[in-house]
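My entries follow in the order in which I looked things up.

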Amino acid sequence: AHAVASAGARVVLTARRGDRIHALAGDLARIYGTECFTVAADLGRAEERERVFSSIDSSFGGVVDVLINNAGVAPTGKADRQWPDAWNETVELNLNAAFHCCLLARSRMRRDGRHGRIINVSSIFGHLGSSMFRLSAYAASKGGIENLTRQLAVEWAAEGITVNAIAPAWFPSEMTAGSIEKPGVVDRMGAGCPLGRMGKTFELRTACLFLAAPASSYVTGAIVPVDGGYSAW
């Protein structure tokens, strides 16, 4: 959100906790002077996803230039314990919801005869296994996101819609906060990549801006690792 707001975009924020996105919208307006609109919604539910895009229709005339799919969950635990609840929840939000939002956004990009940008947030565990945590559902959902990204890039190229993904390694976030607090985990995360440290939040923004920019019109179907070299070992 900070990345695209800093570039002057009008931003629609959606997440389950309305107070959080409302506060973020205030920060973006104060820092960048950008126009922000918030829709509190549970993206794990199809009807809620449709409501978000209906709100965009009524507030912004249905114009969508860039979609960033970054909602997700990452339950941990042995594979046999993730079935069926954790598995179904993770696949529904991380993969099904992202696909549905891609479809909803694409229909609004085509409606206005515009080219568009879709950016999916994957993970290094979309193409690698984790030796630190047991992430069967998460890894499967992110592997699905990466090949979905490639397939949609192929199918929608003629419409001028690019579809790419960012694959982060370890970054401090609400999702990783519980793991980071455990003794030795931060050191192990850093040791997993050539740069020898976790990522910093701003280091994801540049990749996002690159893929959202009009000048990236010849980049599609790419998975951009932002992982300190983790996947280069």
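**Entry: the strands**

How many bridges join strand 3 to strand 4? I found four bridges between strand 3 (residues 66–69) and strand 4, and the two run parallel. Before going on I noted that this is a predicted model, in which local features need pLDDT of at least 70 and side-chain atom pairs count only at pLDDT 80 or more, while totals for chains, interfaces and linings use all residues. I also noted that residues are numbered from 1 along each chain as its sequence is written, and that side-chain values use heavy atoms, with hydrogens and water left out.

I wrote down two terms here. Strands (E, at least two residues) and helices (H or I, at least four) are DSSP runs, numbered from the N terminus. Two strands pair if DSSP finds at least two bridges between them.

Within strand 5, Val163 is the bridge partner of Ile118, and Ile161 is the bridge partner of Gly116. I then followed the chain from strand 4 through helix 6 to strand 5, and this β-α-β crossover is right-handed. That word means that, with the strands pointing away from the viewer, the path from the first strand over the helix to the second runs clockwise.

On to strand 6 (residues 223–226): four bridges join strand 5 to it, again running parallel. One of the partners I checked is Pro225 in strand 6, which pairs with Ala167.

I looked at strands 1 and 2 as well. Strand 1 (residues 11–15) and strand 2 (residues 36–40) pair in the parallel sense over five bridges. Val11 has Cys36 in strand 2 as its bridge partner. Here the chain crosses from strand 1 through helix 2 (residues 18–32) to strand 2, and this crossover is right-handed.

**Entry: how enclosed the strands are**

I used three words for accessibility: buried is under 20% relative accessible area, exposed is over 50%, and partly exposed is in between (1.4 Å probe, protein chains only). Why is strand 5 largely enclosed by the rest of the structure? Eight of its eight residues are buried, so strand 5 is largely enclosed. Both faces are covered: Ile161, Val163, Ala165 and Ala167 are buried on one side, and Thr162, Asn164, Ile166 and Pro168 on the other. In strand 4 (residues 116–121), five of the six residues are buried, so that strand too is largely enclosed by the rest of the structure.

**Entry: the cores**

A nonpolar core is a set of buried Ala, Val, Leu, Ile, Met, Phe, Trp, Tyr and Cys residues joined through side-chain atoms within 4.5 Å. The largest has 26 residues, and those with the most contacts inside it are Val52, Phe53, Leu67, Ile118, Trp156 and Val163. Helix 3 (46–60), helix 5 (85–111), helix 6 (136–156) and strand 5 (161–168) are the elements that give two or more residues to this core. Which element gives the largest share? Helix 5 does, with eight residues. I also found a second, separate core of 17 residues, which includes Ile119, Phe171, Leu211 and Val226.

I picked Phe53, which is found in helix 3. Its relative accessibility is 5%, so Phe53 counts as buried. Contact means heavy atoms within 4.5 Å. Leaving aside neighbours within four places in sequence, Phe53 is in contact with Leu67, Cys101, Leu104, Ala105 and Arg108.

Ser54 is also in helix 3. Ser54 is partly exposed, with a relative accessible area of 41%. From Ser54 to Leu104 I read 9.6 Å, C-alpha to C-alpha, although the two are 50 residues apart in sequence.

**Entry: helix 5 and its ends**

Helix 5 has 27 residues and reaches 37 Å from its first C-alpha to its last, close to the 39 Å expected. The expected span is 1.5 Å times one less than the number of residues. A kink of about 35° is centred on Glu92 in this helix; the bend at a residue is the angle between axes fitted to the seven residues ending there and the seven starting there.

Is the peptide bond from Trp83 to Pro84 cis or trans? That bond is cis, with omega near 0°. Just after helix 5, Gly113 takes a positive phi of about 65°. For background, most residues other than glycine have a negative phi, and most peptide bonds are trans.
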